[in-house]
Amino acid sequence: MAGLLPEEIARLTEGGASFPSYRLKQIYEWTRRGVLSFDDMNNLPPEMRKSLKSRFRLFSSAVSAVLEDEDGTVKFQITLEDGNKIEAVILNDGKGRKTACLSVQAGCPAACVFCKTGALGFTRNLKAGEITEEYIFLKKHAPDISHIVIMGMGEPLFNLEELRKASGFFCDKEGFNISRRRITLSTSGIVPGIRDMADNGPDLKLALSLTSAREDLRARLMPVAKDNPLTLLKESLVYFQKKQKSRITLEAVLLGGINTGTEDARALSCFARGLDAVINLIPWNPVDGLLFEGKALSPPPESEIAEYEAALKNRGLNVTRRYKKGRGVMGACGQLGGCP
Ligand code: SF4
């Protein structure tokens, strides 16, 4: 029931002992506040709480493990009602900002070669309620979470409808009341999805996992690039930015010896031209067994990262680096999906 919209709660409770509309509203208000039990809904009469408990579940999923890294990252392994497992992470930047990193699919069809989730294959999209349940579990653990990134398992633009509903829940002024500017959706670059988001929302910040702006290399690293070529991708970003008027993040996962050369810097700066964008460099977080064209991937050494960063800055780009956190619990970018 957590994460359902009022009309969905009304539908669910129809028949048998259905409840008056003001009671349904009270139930919805409690779910928006993230209560973990019907017993905590203390403005409902005891017999109603009892009836709710006997007929419904507040959560469809359950936390099966919580793994804490010494750097402050906390990874949640969550079992969905059909037995599928997903992961969600609390990121801690060490300066007081905590961010919930949420999953939108069980597995992922995008199959980026550098990502553990991509290697799992795709099982199914998550429902809006399952996405909001992730957030409620994380928020209970860390009430001071202030930001959300949709960067966990799955490609968000393949599950945009459910994400729209979930973001309505996150931003509800009577509920969690999170500013849309504090929620970032990261995509592998699905052109129709970016245009759909620009036209129909949700109005969230956008990050593009670009990784390479060399057409051929990108398609070898990220199979979705074959159907979403760079020219169309760039056009969709320009369109998005015209409508949404917010800065875009271009993420580049750095793979040692593969996408950090002079030609890569030139292509990336060419792609970024005309966009209001910041480049976020993400040195690859190791995952055993991932190969690129038969060879094991490796993170670039610090000297290679520094050289690439300098090359981009010399071309006038605004560049930041993603802090390396959560590797101790396989909770860093690209490492999700190791549920036992
Ligand atoms: S990086 Fe994102 S889009 Fe690519 S396979 Fe992993 S989860 Fe899917």
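Trainee: What do the buried residues of α2 pack against?

Mentor: The buried residues of α2 pack against α1 (6-13). Helices (H or I, at least four residues) and strands (E, at least two) are DSSP runs, numbered from the N terminus. A residue is buried if 20 or more other C-beta atoms, placed from the backbone, lie within 10 Å of its own, exposed if 12 or fewer, and partly exposed in between. In α2 the buried residues are Ile27, Tyr28, Trp30, Thr31 and Arg32. This is a predicted model, in which local features need pLDDT of at least 70 and side-chain atom pairs count only at pLDDT 80 or more, while totals for chains, interfaces and linings use all residues. Residue numbers start from 1 along each chain as its sequence is written.

Trainee: How many helices and strands does the chain have?

Mentor: The chain has eleven helices and 14 strands.

Trainee: What radius of gyration does the chain have, and what would a compact globule have?

Mentor: The radius of gyration is taken over C-alpha atoms, and the globule rule is 2.2 Å times the number of residues to the power 0.38. With 340 residues, a compact globule would have a value near 20 Å; the chain has 21 Å, so the two agree. The C-alpha trace spans about 70 × 40 × 35 Å along its principal axes. Of the 340 residues, 43% are buried.

Trainee: What share of the contacts joins residues 24 or more positions apart?

Mentor: Two residues are in contact if their C-beta atoms, placed from the backbone, lie within 7 Å. Among contacts in the chain with a separation of 6 or more, 68% are between residues 24 or more positions apart.

Trainee: Which residues have the most contacts inside the largest nonpolar core?

Mentor: A nonpolar core is a set of buried Ala, Val, Leu, Ile, Met, Phe, Trp, Tyr and Cys residues joined through C-beta atoms within 7 Å. The largest one here has 83 residues, and Ala88, Ala100, Leu102, Ile148 and Leu268 have the most contacts inside it. Helix α5 (residues 128-141) gives the most to this core, with six residues. Outside the four places on either side in sequence, the contacts of Ile148 include Ala100, Leu102, Tyr135 and Phe170.

Trainee: How many residues of α5 are buried, and what covers them?

Mentor: Eleven of the 14 residues of α5 are buried, among them Tyr135 and Leu138. The cover includes strands β1 (62-68), β2 (74-79), β3 (85-92), β4 (98-101) and β7 (145-150), and helix α6 (160-171). Ile90 counts as buried because it has 25 C-beta neighbours inside 10 Å. Neighbours within four places aside, the contacts of Ile90 include Leu138 and His141.

Trainee: How many residues surround the ligand?

Mentor: A residue is near a molecule if its C-beta atom, placed from the backbone, lies within 6 Å of it. Here 13 residues surround the ligand, and the closest are Cys108, Ala110, Cys112, Cys115 and Gly118. Ala, Val, Leu, Ile, Met, Phe, Trp, Tyr, Cys and Pro count as nonpolar, Asp, Glu, Lys and Arg as charged, and the others, Gly among them, as polar. The shell divides into six nonpolar, six polar and one charged.

Trainee: Where are Ala111 and Thr211, and what are their phi values?

Mentor: Ala111 is in the loop between β5 (105-107) and α4 (116-120), and has phi near 60 degrees, a positive value in a residue other than glycine. Thr211 is in the loop between β9 and α8 (215-221), with a positive phi near 65 degrees. Ala111 is partly exposed because 18 other C-beta atoms lie within 10 Å; Thr211 has 28 such neighbours and so counts as buried.

Trainee: Which residues does a cis peptide bond join?

Mentor: The bond joins Gly201 and Pro202, with omega about 5 degrees. Pro202 lies in the loop between α7 (191-200) and β9 (205-209).
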